[in-house]
Amino acid sequence: MLTYDFLLVGAGLFNAIFAREATKQGKKCLVVEKRNHIGGNLYCENIEGINVHKYGAHIFHTSNKEVWDYMNELCEFNHYVNSPLARYKNKVYNLPFNMHTFYQLWGTTTPEEAEAKIESQRVKIDDPKNVEEQALSLVGSDIYEKLIKGYTEKQWGIAATQLPAFIIKRLPLRFTYNNNYFNDPYQGIPKGGYNPIFEKCFSQCDVLLNTDFLQNRHLAKEAETVIFTGMIDTYYEYCFGALEYRSLYFENEVLDTDNFQGNAVVNYTERKIPFTRIIEHKHFELGQQPKTVITREYPQAWEIGLEPFYPINTEQNNCLYQRYKTLAEKEKNVFFGGRLGGYRYFDMDQIVKSAIELFNNMKLHNREN
Ligand code: FAD
């Protein structure tokens, strides 16, 4: 007799939602997590009474009403609206590119003036070969040079002329005075941070922290089905080779001031400044604490052992992933989920939707057999 219905590898958002659905149906789950905490990349560390997003700033946003309602059963969102700023040579610009940005760049005050300015700077390139050509053809030279070039080069660690054009598919320009970064109708930060969501979702599960499944594969024998949200290539011991990622590292600083930059997110778009952005966490929750905590975010090359933050979806890596996926599809009792299992960047709302779908599909499948 097996002890558990599900062994959930990884205590991130995907498995949290899966666990919630499974335990609602009376299923027994064992969660194994290699870190010393649940929450995956949404984990918040409390420093000076401030919820510090330890693995990068996370703003929940969605246009899916069902997902929004689902999340609102798990937490109460505040009214945070993401309105990042860009800093270039000590000048500050609003993002995403909108009428405020155009005014800050050129002093234009009407959409007509701004459109004419951009049009005059656009370079006509029929088949852009790299990010530089792509951006110049979409938004012209000023926006590219001041707000895109340095940031993108730092993000990827390569010159914009060497980066494939597909990295920038679109560069939306807004001809309204609207600094709201997301177009989605629903967004916010859970009041009190993300951790309580995970405590709720895993409350009916057994949880083993500091446990790497790959070193404890025998645990799979305890459960009927394994849901694996780690890196798919690690599950198969890199038998076809390692998938590539971009990594990040974070430098936190506690400052003896109540307000350092007046905004949660400020991007630094100059190439010579080594970090890409500074996050001031208290502003996510409209915090009134006497001190503040800031995080400088530095992109770095990934190697085995470092945190894999962003999959690099080149054609070569996608082909490699397909080979692993073919192996995965042959598994009877192992399912791969989440951003690392699927080797794709997913926003949180997509993760929530896909975890619910996986559980429902399994239920259906079991009923049919
Ligand atoms: P994870 O959160 O990574 O969880 C996987 C867990 O599995 C981890 O805890 C890991 O330690 C564990 N694990 C891995 N291998 C093993 C193993 N072998 N044994 C045991 N445990 C293992 N989305 C948004 O919607 N809004 C945002 O603002 C946003 N900002 C982001 C910022 C950054 C820097 C990044 C990288 C992503 C951001 N995202 C954002 C995306 C969001 O982080 C993901 O959608 C979400 O974290 C995916 O959840 P997950 O469960 O798939 O993965």
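**Helix packing and cores in a predicted model**

Colleague: At what angle do H1 and H2 pack?

Modeller: Helix H1 (residues 13-24) packs against helix H2 (residues 65-74) at an angle of about 75°, and their axes are 13 Å apart, the axes being lines fitted to C-alpha atoms over the stretch in contact, with angles running from 0 to 180 degrees between N-to-C directions. That makes H1 roughly perpendicular to H2, a term for angles of 65 to 115 degrees. This is a predicted model, in which local features need pLDDT of at least 70 and side-chain atom pairs count only at pLDDT 80 or more, while totals for chains, interfaces and linings use all residues. Residues are numbered from 1 along each chain as its sequence is written, and side-chain values use heavy atoms, leaving out hydrogens and water.

Colleague: Which residues make the contact?

Modeller: H1 contributes Ile-17, Arg-20, Glu-21 and Lys-24, and H2 contributes Tyr-70, Glu-73 and Leu-74, where contact means heavy atoms within 4.5 Å.

Colleague: Switching topic, which residues touch the most other members in the largest nonpolar core?

Modeller: Those are Phe-6, Phe-18, Met-71, Tyr-194 and Phe-284, out of 46 residues; such a core is a set of buried Ala, Val, Leu, Ile, Met, Phe, Trp, Tyr and Cys residues joined through side-chain atoms within 4.5 Å, with buried meaning under 20% relative accessible area (1.4 Å probe, protein chains only).

Colleague: And which element gives the largest share of this core?

Modeller: Helix H11 does, with 8 residues.

Colleague: Is Ile-118 buried or exposed?

Modeller: Ile-118, which lies in helix H4 (residues 111-121), counts as buried because its relative accessibility is 1%.

How values were computed. Helix = DSSP H or I, 4+ residues; strand = E, 2+ residues; numbered from the N terminus. Parallel < 35°, antiparallel > 145°, perpendicular 65-115°, else oblique. Buried < 20%, exposed > 50% of the residue type's maximum accessible area, 1.4 Å probe, protein only.
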